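Subject: Structure handover

Hello,

Here is the structure I promised to pass on. Please open it alongside this email. My notes follow below.

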Amino acid sequence: MVSPPNPNQSDSSMKQSLDAGLAALKQQDYDRAIALLESVAKSATNQPLGTRAEMGLVMAYKATGNLQKSIALCTSLTKHPHTQVKTWADRTLTALSDRRPPKPPENPQKIPATPPETGFVPFDVGNSPPKISPTGDRPSTDQKTDLVAFEQTSRQKNVKSPQIPPVPAPPKPPLVKTSEPETSTTATDSDAPTEVPGVVTPDAYELIWRNSGRAASGWRKLKLLKLARFRVETLACTIALFLMVRFILEFLLTNVNALLVQLYIFTKLPVFAPIQIFYRDPTAFVQFMFGLLLASSPWLIDAVLKLICGMEPLGGVTLLKSSKEANRVVRNFCKQQNMPAPVLQLLPIDVPVAFSYGCLPRFARIAVSQGLLDQLTEDEIATILARELAHIAHWDFAPMSLAVLVIQTPYLIYGLVVHWEERLSGLISIEFFRSVVKVLAAGISAGSYGIYKLLRWPMLWVSRRRVYFSDRTAAEITGNPNGLTRALAKIAIGMAKNIEQQQQTSFFLEGFELLFPVGLGQAVTIGSAGLHAPLEQILLWDVSNPCRHWLTVNSTHPLMGERLKLLALYAQFWQLETELDLANLGTLESTKGKFQVSDLFNSKFWPRHPPPLVLQGAPFLGIPMSLAIVGVLWLIGGILSRTSIWWLDWLWGDRSILWGCLPIGFCLGTLMRINDFFPDIVPRAVTAPSLPQILSNSDSLPLDAQPVGLQGKLLGRSGMANWLGQDLILQTGTGLVRLHYVSRFGPIGSLWPQPTRPSDLVGQSVVATGWLRRGATVAIDLETLRSQGGRVSNSGHPIWSAILAFAAAVWGAYIIFQGEMYR
């Protein structure tokens, strides 16, 4: 983005005239507004100030009844090279001409040749599409709303100059302080943005659905899905899960015996003798357990859900009362696929969720919560059940059921240990024994939670991939992609509301996240912010950030924006009006953060700052780069071994160098990015952006650490269940933001006695200071957490990163030093 030139005296005068004209327009002094804006428009032709003046004139002409001039000027703005100006002009011209988009056709023979226009102005709340009543008619927009829409869009003209190439990427809005607007880094740049355009206050926005229609009967079918590759990927991920379980189990058994050996040597007591069966290869045992868990998965998950949620059968009458269409979809789809109808189960909880599980279609179950039946409409319930039927038809529900049971084992241990520690601590009166119980419980619960997190990794790829197929199949079964769009958004909103009501994330939501239609991490952010800003605005990052696919590797579900965009494209395929204006977003992405392999051969590449994506993944990219260094050392050793220089021929094929350089490469990558990842937090530079402002920045990366200080109520679990910071959420006025906490000495340091833990401040009003990260989800890496009472909990992300880096370097050096052991 080319920065605008420094304003001269004439520019300053025109800007004063523009501000005066806009102020007069807001005060409805139209004669004075027209006189001032016309002078600016004539003097600043083809300049940002002139464009803003012309946009103001459109509104002023309309207000005075001069529609001919207003339409003529608005028509000229539709040809403007700047995307946001053009989109605003298109919408305003549509309103001036009183044109309404066509309703979904009742007769498939009369389907229009082209889908209705669906435009979207990024970051512009005022220019969001007119709200639609449940009947589908668009209400007229009054003059005051038009003025607000113009003001919010016109302020964006300070972001980019109209002389830039056509169709630019959406601008990156800055974050603003609560006390005063953020100014440009150039003191003389008067045209720099002073606020994030288009972000409304919580009281100024109301979420109203368009209730866009569905395809008429006999709609065209989508292309057949090709699932062969997906099934191979599912098998590979299941094997990876098996290998990880085997490795963890073997590691635990070996170290338990090693500990028992040391205790036996120290005490000479037979009770500490090592367990001989622990020395055996656990492969056969893990194979047997995987087969047993898969075969009994329907009944085991039934038992777990009855224990946690009090699950009960969902009668056909209950489903018919909530959604006759859902009952019809289940019956017709199962008949078409020649498979038995799944058993329907009811979860008597308020959070809207639904998921399928089982081992075979014959024993498949679909669990539906009472909250889903209450909060979704009849057609939306049908689309969600169609998604779950798709999982059963695609056979991905079986490996996911196995994975959930595998990861539930350490997760249930974590929950049960925490629960019983609280009870036993209250019953034990002797302080020494109480401390012993607390130490043992802390170690077991923390270790179990860590294993739970590790075991999720192998199945994340399948968890994300299968969602695309189920969404597509559900849209094709029902012909209602708009209904599925509303359903997914309402589920996210309902999950966020449940967290706010419960003041914490329930064990059920976290433990069964892999099976839900919407990921918990995305629901916290999108579901809470969706009530304060248009969904198109808060989903812009999901469809336009060029690095977004690299940043979802730790996500259980694909980006919500991408899913809803695909549904909008399905709606356009059937020539329907889309529920959200996402179909045309993200087609032209900015190049920020993109890294091309050809850059490595550019002589100008290395002296410059590394690309953001390269710097973001520097700790992990350092590992393959260290392998390249090992290759060079081996090559040198191989060459010298054939000469008389014998004292370096040991380099050839020395595997200790290979294994030692891996952690050293991780160390170098971590140190390379640490200053950019954790910039100094200066009090005057700390901002307090709203959640819609954070989400509006479509180009940001986690590397773009923004020092922030947000105030709100701290939500999360209390006590030992949250010692590692597993569930820390800040409830602000505009949504929920996750908080990341780590001790200066890492997870082990989090278990040590501390004056104030973050979990001690749960339920209190706090100020969270740290580094804002915008990736697939939004989170703050904490530096401090301060309550109103003055209690402070310190986090140590930069220190822990440095300790981890140096520990990796020492480990690598030790491996190289002990070279004979690795040859």
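How many helices and strands does the chain have? The chain has 28 helices and ten strands. Helices (H or I, at least four residues) and strands (E, at least two) are DSSP runs, numbered from the N terminus.

Before the details, two points on the source. This is a predicted model: local features need pLDDT of at least 70, side-chain atom pairs count only at pLDDT 80 or more, and totals for chains, interfaces and linings use all residues. Residues are numbered from 1 along each chain as its sequence is written, and side-chain values use heavy atoms, with hydrogens and water left out.

**Overall**

Of the 823 residues in the chain, 52% are buried. Buried means under 20% relative accessible area, exposed over 50%, and partly exposed in between (1.4 Å probe, protein chains only). Take the contacts between residues at least 6 apart in sequence: 73% of them join residues at least 24 apart. Contact means heavy atoms within 4.5 Å.

**H8 and H14**

Two packed helices are described by the angle between their axes and the distance between the axes. For helix H8 (residues 283-295) and helix H14 (residues 397-427), the axes come within 9 Å and cross at roughly 115°. Axes are lines fitted to C-alpha atoms, for helices over the stretch in contact, with angles from 0 to 180 degrees between N-to-C directions. H8 contributes Phe 290, Leu 293 and Leu 294 to the contact, and H14 contributes Ala 398, Leu 402, Leu 405 and Val 406.

**Around strand E3**

Ser 356 is in strand E3 (residues 354-357). Its relative accessible area is 1%, so Ser 356 is buried. Beyond its neighbours within four places in sequence, Ser 356 is in contact with residues including Arg 365, Glu 388, His 391 and Leu 515.

Cys 359 counts as buried because its relative accessibility is 12%. Cys 359 and Ala 295 are 64 residues apart in sequence, yet 6.0 Å apart in space, C-alpha to C-alpha. Leaving out residues up to four places away in sequence, Cys 359 touches Leu 294, Ala 295 and Ala 398, among others.

**Rings**

The whole structure holds 23 aromatic pairs. Rings of Phe, Tyr and Trp (its six-membered ring) pair if their centres lie within 6.5 Å; planes under 30 degrees apart count as stacked, over 60 as edge-to-face and the rest as tilted. Tyr 449 and Tyr 452 form a tilted pair, because their ring centres are 5.6 Å apart and their planes are at 50°. Both lie in helix H15 (residues 431-456), three residues apart, about one turn of the helix. Ring pairs also link Phe 355, Tyr 357, Phe 508, Phe 512 and Phe 516 into a cluster.

Which ring does the charged end of Arg 773 sit over? That of Phe 677, 3.7 Å from its centre. The charged end of Arg 220 sits over the ring of Phe 573, 4.2 Å from its centre. A charge sits over a ring if NZ of Lys or CZ of Arg is within 6 Å of the ring centre and within 35 degrees of the ring normal.

**Positive phi**

Most residues other than glycine have a negative phi. Asn 338 has a positive phi near 55°. Asn 338 lies in the loop between helix H11 (324-337) and strand E2 (343-347). Asn 338 is exposed, at 72% relative accessibility.

Best wishes
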